[in-house]
Amino acid sequence: RQILLHHTESLELLGILPFPEGDPVSLAFTPDARYLIVGGGVPGKSGVTVTFDITIGARLLTAAKEFDSVLAADIRPGFDIVATGGPSRLFKIWNTETGELVKSIKKHTDWITALDLSADGVLLASGDRNGGVCAWESQTAHEFHTLRGHQAAITAAVFRSDSNLLATASEDGTVRFWEMNGGSEVKKIDAHPGGVTAFAFSRDGSSISAGRDLKVKFWKQDFSH
């Protein structure tokens, strides 16, 4: 299995990263875009995360040995912990130096399908196949917010670059935005009929989404189309 890296402007192929552990399912860059954590594995058999330095194509560390594929993963700036989720419904935090499991939390009621660490490393968000979304303190793994509103599977949970706003995309067709001070919803977009399959912020706060309506949409900083 392989991961292909392309230049964003020309789509020129920059490199190919091998992932012999199985199918790569989850991809997440660190805020500086130098490192890429890949989660995946063999469904029903094994799961793992591998973090690459994409400037030289080197494998830096392997963490989170599971008995099923890792569906969502992220690494905290500083490289001290890796967070994972998958079919076990358990939200897990791993120590990258020792490889030991630090926390295993049973909160989600279905497969965990999305994870993201905030750029400042303080908060972590997780979403599941039942529409559940939680925000956690990354240092303690204490629950920070439970965010209710989605009616179907979460396909993306993404912090804005300032770490103050969380966006969650769902198969219910909406993207919801949550402020992290009080955990309240500040905006809901009916983005894609049939379901939102992907969502990402740009560094300036604008964003992009894709959906089962076979469209890609760009959104301004004020959430307008």
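A strand here is a DSSP run of E residues, at least two long, numbered from the N terminus. With that in hand, we can take a friendly walk through this predicted model.

**A surface patch**

Ile 16 sits in strand 2, which covers residues 13–18. Is Ile 16 buried, partly exposed or exposed? Its relative accessibility is 43%, so Ile 16 counts as partly exposed, because that class lies between under 20% for buried and over 50% for exposed. Together with Leu 4 and Leu 13, Ile 16 forms a nonpolar patch on the surface, and the three share about 270 Å² of accessible area.

Next come strand 3 (residues 23–29) and strand 4 (residues 35–42), which pair in the antiparallel sense over 6 bridges.

Now for the inside.

| Core | Number of residues | Some members |
|---|---|---|
| Largest nonpolar core | 14 residues | Val 175, Phe 177, Phe 199, Phe 201 |
| Another core, apart from it | 13 residues | Ala 72, Ile 81, Ile 93, Leu 124 |

In the largest core, the four residues in the table are those with the most contacts inside it. Strands 15 (154–159), 16 (165–170), 17 (174–179) and 19 (196–201) each give two or more residues to this core.

Which residues does Val 175 touch, leaving aside its neighbours within four places in sequence? Its contacts include Ala 167, Ala 169, Ile 189, Val 196 and Phe 199, as well as Lys 187 and Lys 188.

Key
Residues are numbered from 1 along each chain as its sequence is written. This is a predicted model: local features need pLDDT of at least 70, side-chain atom pairs count only at pLDDT 80 or more; totals for chains, interfaces and linings use all residues. Side-chain values use heavy atoms; hydrogens and water are left out. Two strands pair if DSSP finds at least two bridges between them. Helices (H or I, at least four residues) and strands (E, at least two) are DSSP runs, numbered from the N terminus. A nonpolar core is a set of buried Ala, Val, Leu, Ile, Met, Phe, Trp, Tyr and Cys residues joined through side-chain atoms within 4.5 Å. Buried means under 20% relative accessible area, exposed over 50%, partly exposed in between (1.4 Å probe, protein chains only). Contact means heavy atoms within 4.5 Å. Patches are made of residues with over 30% relative accessible area and no salt bridge: like charges are joined within 9 Å, nonpolar side chains (Val, Leu, Ile, Met, Phe, Trp, Tyr) within 5 Å. Accessible areas come from the Shrake-Rupley method with a 1.4 Å probe; for residues, only the protein chains shown count as cover. A salt bridge is a side-chain nitrogen of Lys or Arg within 4 Å of a carboxyl oxygen of Asp or Glu.
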